Amino acid sequence: MYKITKAEYSGDYKVLITFDDGQKRLADFYGFISKSLHPSIHKYIDKTLFQQFEIDDYEIHWGTQFDIDPYDIYYGEFEAKDSPYFAEIEALKGQYELVE
């Protein structure tokens, strides 16, 4: 089981996530949120709302309506590679192990 121990907002819908095994992932949520048709997820395109995430029970949550399983973040299974920020994330490789 993957447990999130820390999450820090890094700008432009990116969150630096630390797991209990010491691994870090810079996760870009823009593609996921912007393409979601579900209103309880898409509303987090508002950066003020997006930045209000919390860690609870080792998972990242946005209110009571939206969370992403730590496994999916660890392995990048929520990511949309056609996000306009994907090229920027590619450029950051080497600083952190990034979610793709």
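Q: What relative accessible area does Asp-12 have?
A: This is a predicted model: local features need pLDDT of at least 70, side-chain atom pairs count only at pLDDT 80 or more, and totals for chains, interfaces and linings use all residues. Residues are numbered from 1 along each chain as its sequence is written; side-chain values use heavy atoms, with hydrogens and water left out. Buried means under 20% relative accessible area, exposed over 50%, and partly exposed in between (1.4 Å probe, protein chains only). Asp-12 counts as partly exposed, at 27%.

Q: Which residue meets Asp-12 in a salt bridge?
A: A salt bridge puts a side-chain nitrogen of Lys or Arg within 4 Å of a carboxyl oxygen of Asp or Glu. For Asp-12 the N to O distance is 2.8 Å, and the partner is Lys-47.

Q: How many residues apart in sequence are the parts that Asp-12 and Lys-47 tie together?
A: Helices (H or I, at least four residues) and strands (E, at least two) are DSSP runs, numbered from the N terminus. Asp-12 lies in the loop between strand S1 (4–11) and strand S2 (14–19), while Lys-47 is in helix H3 (residues 47–50), so the parts tied together are 35 residues apart.

Q: What is the N to O distance between Lys-6 and Glu-8?
A: The whole structure holds two salt bridges. Lys-6 is partly exposed at 43%, and Glu-8 is partly exposed at 32%. Their side chains meet in a salt bridge at 3.7 Å.

Q: How many aromatic pairs does a search of the whole structure find?
A: Rings of Phe, Tyr and Trp (its six-membered ring) pair if their centres lie within 6.5 Å; planes under 30 degrees apart count as stacked, over 60 as edge-to-face and the rest as tilted. The search finds 17.

Q: How many residues apart are Phe-19 and Tyr-74?
A: These rings pair at 4.8 Å centre to centre, with 80 degrees between the planes, which is edge-to-face. Phe-19 is buried at 1%, and Tyr-74 is buried at 11%. Phe-19 sits in strand S2 and Tyr-74 in helix H4 (residues 70–75), so the separation is 55 residues.

Q: Why do Trp-62 and Phe-66 count as a stacked pair?
A: Both Trp-62 and Phe-66 are buried. Their ring centres lie 4.6 Å apart; the pair is stacked because the planes meet at 20 degrees.

Q: Which residue lies over the face of Tyr-74?
A: A charge sits over a ring if NZ of Lys or CZ of Arg is within 6 Å of the ring centre and within 35 degrees of the ring normal. Lys-3 does this over Tyr-58, 5.0 Å from the centre. Over Tyr-74, at 4.1 Å from the ring centre, lies Arg-25.
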